[in-house]
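User: I have a model open and want to learn to read it feature by feature. Can we work through it together?

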Amino acid sequence: MCVNLSLTLMLLFLSGAVCSEWKVEYHQQHICAVKGSSVVIPCSFYYPENLQVKKVMWGDKRAHISDGPFIFESEMNETDTRFQYIGDKKHNCSFEIHNVEHNDAGKYIFRFITDTEKGKWTGPAGSTLKVVDLNDLMTRPHENRATKEGDSVNLTCINGCDSDHLSSAFTWFKNGEPKNEGPVLYLSNMNPTDSGNYSCSLKTHTGTASRVININVEYAPKNTSVSGRPLMEVEAGTNITLICSSHANPPVDYTWLRLNESHVLDVGHQPELFTADGGQYFCSAANKHGSQYSSVVTVKIKERWPSFNRDVLIITLSVAVLLIVITAVTVIKLKTRPRAEETNCEEDSEDADYVNMPDFCTKQSQQRSQGRSKKKRTRAEETNCEEDREDAVYANMTLMKKQSKGRRQGEGATGSSRQTPTMMRKV
């Protein structure tokens, strides 16, 4: 102990002499540091020159002045890398604390031990550390309302350790990226791109971030437009989705409108409109700062029936033409075929007359001659033969007329009648 009030005045000189040889000097008894920064406690110590320092120690408010526990001891492995001895074992006893926390605040003392049994000394005065936060402040013209497009604000960074003769250097960040340097950041005539999270730090210690100030620039709707999915022209019966989009802050309320002759109809209040009706549509986007209309779009509906009727007409005409062709070919064949058959029929009839008639008479004569004993025929028999021949001719003619009439009716012959074979002349 450098000062002992129990000592008498007679020992003051002697005490002063001793203290001049054993001493610890704290160059700053009061130190202020910003949370997150690094701070150095400058220190010097003295002892008789014939001694040698073996051990140095630093203790905080929790340590006993001589017994500890100590947050740093040179003869022990360091347990907390935040505490670093940057002095030596001669006269410099400076100590550094990294990434300062609020619970680091308090008094710090230095103690050293030399190579003699009683050569130990502690500097009881110590240095007291104060830890503060880095603060920031936003000032704006209208404190009671939200920040609007066109407004201006000032952001100020404040270090509680600064004084009239001490001013820190600061860096401003937006969304974690460096933006500007200096204690004050001016944002004038703001627009939506100025929205973001702002903070400041000491220029020499970027880990000393202040609290985050969120700036949200509000604005009226912009770039309001309508798009269609899939297209603005669809088949009848197909639904189309119209989408209204707009940039705004805060979000907008949507209204869908349809032009109906001279009227405007309210047809929806969602960002999307589902419709199967053609016509002209547009939308409105509105928030507390204003509103905006989109341009008018036209939805066209393709009719299915015109194309269907055209296809049916083409098929019908094709079938009709085909039927006409088939009918014409059939008529031509029918006109040609009966003449050939009738001609053959006439020839066959004539042949039949000339052939059948003698055979018939011959058979009749043979039958009659078998009943007579005389082979010579009489005149009466010849007369009967003539009559029989005439009957046969008329019978054949009647049969041929019936056959010819049946053919004309079955084959659809035209109105021209054919004359019966000219067998009467041959008879």
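User: Which side chain makes a polar contact with that of D104?

Analyst: This is a predicted model. A polar contact pairs N or O atoms within 3.5 Å. Here the side chains of D104 and R82 are joined by such a contact, at 2.8 Å. The side chain of D104 also has a polar atom 2.8 Å from the backbone nitrogen of E101.

User: Where does D104 sit, and is D104 buried or exposed?

Analyst: Look at the loop between strand 8 (95-97) and strand 9 (106-114); D104 is there. For burial, the cut-off is under 20% relative accessible area. D104 has 4% relative accessibility, so D104 counts as buried.

User: Now sheets. What holds neighbouring strands together?

Analyst: Strands of a sheet pair through backbone hydrogen bonds, in parallel or antiparallel fashion. Take the open sheet with the order 18-20-23: three strands, antiparallel pairing. Strand 18 (219-229) and strand 23 (272-275) are at the edges. Each has a single partner strand, so one side of each lacks a neighbour in the sheet. On average, neighbouring strands of this sheet are turned by 15° against each other, direction ignored.

User: How many bridges join strand 20 to strand 23?

Analyst: Four, with strand 20 covering residues 240-249 and the two strands running antiparallel.

User: Which strands pair with strand 24?

Analyst: Go through them in turn. Strand 21 (residues 253-260) pairs with strand 24 in the antiparallel sense over seven bridges. In that pairing, R258 is opposite Y281. Strand 26 (residues 297-302) is antiparallel to strand 24 and joined to it by three bridges. There, G279 faces V299. Strand 25 (residues 290-293) also runs antiparallel to strand 24, with four bridges. N287 has G290 in strand 25 as its bridge partner. A hairpin of two residues links strand 24 to strand 25.

User: How many residues of strand 24 are buried?

Analyst: Seven of the nine, so strand 24 (residues 279-287) is mostly covered, taking buried as under 20% relative accessible area.

User: Last feature. Which residues are closest to the centre of the largest pocket?

Analyst: Begin with its volume, about 400 Å³. Of its 21 lining residues, C32, A33, N159, C161 and L166 are the closest to the centre. Next, ask which strands contribute. Strand 2 (30-34) and strand 3 (39-41) each supply at least two lining residues. Strand 2 gives the most, with five.

Terms used. Residues are numbered from 1 along each chain as its sequence is written. This is a predicted model: local features need pLDDT of at least 70, side-chain atom pairs count only at pLDDT 80 or more; totals for chains, interfaces and linings use all residues. Side-chain values use heavy atoms; hydrogens and water are left out. On a 1 Å grid over the protein atoms alone, a cavity is a set of points where a 1.4 Å probe fits but cannot get out, and a pocket is an open set with protein on both sides within 12 Å along at least five of seven lines; lining residues have an atom within 4 Å of a point. Grid points are joined across faces, edges and corners, and a volume is the space filled by probe spheres set on the points. Two strands pair if DSSP finds at least two bridges between them. Axes are lines fitted to C-alpha atoms, for helices over the stretch in contact, and angles run from 0 to 180 degrees between N-to-C directions. Buried means under 20% relative accessible area, exposed over 50%, partly exposed in between (1.4 Å probe, protein chains only). A polar contact is a pair of N or O atoms within 3.5 Å; within protein, one must be able to donate a hydrogen and the other to accept it, and residues adjacent in sequence count only if both atoms are side-chain atoms.
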